Amino acid sequence: MNSFILDESKCTGCKICYKACWLDVIRWDEKTDRPFFAYPQDCVECNYCEISCPSGAVNIKIDYDKPFPDAYISGIR
Ligand code: SF4
Ligand code: SF4
């Protein structure tokens, strides 16, 4: 599975990455006021969250050995 690596020292809590994820993989933790990777199995490594972060705090680490994500192929079958 892919990993969401967050650099806490750079994150400002702006929520842009959370809003940017069009597959709802990233959710918002109200207690810590930080994003978290709630549904890593659905991440399609588009990197939109990573490039949207104005602080460069997000790094999506791609697992190249994982099966093809369902989110890409649902509707095709
Ligand atoms: S976009 Fe970047 S700075 Fe904003 S909440 Fe996400 S990780 Fe933090
Ligand atoms: S890489 Fe794409 S699918 Fe994965 S968490 Fe970021 S925006 Fe969502």
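1. Residues are numbered from 1 along each chain as its sequence is written, while chains are lettered from A and ligands numbered from 1 in the order in which they are written. As the model is predicted, local features need pLDDT of at least 70 and side-chain atom pairs count only at pLDDT 80 or more, whereas totals for chains, interfaces and linings use all residues.

2. Around ligand 1 there are 13 residues, of which C11, C14, I16, C17 and C53 come nearest; a residue is near a molecule if its C-beta atom, placed from the backbone, lies within 6 Å of it. The shell of ligand 1 divides into 9 nonpolar, 3 polar and 1 charged residues, where Ala, Val, Leu, Ile, Met, Phe, Trp, Tyr, Cys and Pro count as nonpolar, Asp, Glu, Lys and Arg as charged, and the others, Gly among them, as polar.

3. Ligand 2 likewise has 13 residues around it, and C21, V25, C43, C46 and C49 come nearest. By class, the shell of ligand 2 holds 11 nonpolar, 1 polar and 1 charged residues.

4. D24, a residue other than glycine, has a positive phi near 65°, and it sits in the loop between α1 (16-20) and β2 (26-29); helices (H or I, at least four residues) and strands (E, at least two) are DSSP runs, numbered from the N terminus. D24 is exposed, with 11 other C-beta atoms within 10 Å, the cut-offs being 12 or fewer for exposed, 20 or more for buried and partly exposed in between, with C-beta atoms placed from the backbone.

5. E45, also not a glycine, has a positive phi near 45° and belongs to the loop between β3 (34-37) and α2 (48-52). E45 counts as partly exposed because it has 15 C-beta neighbours inside 10 Å.
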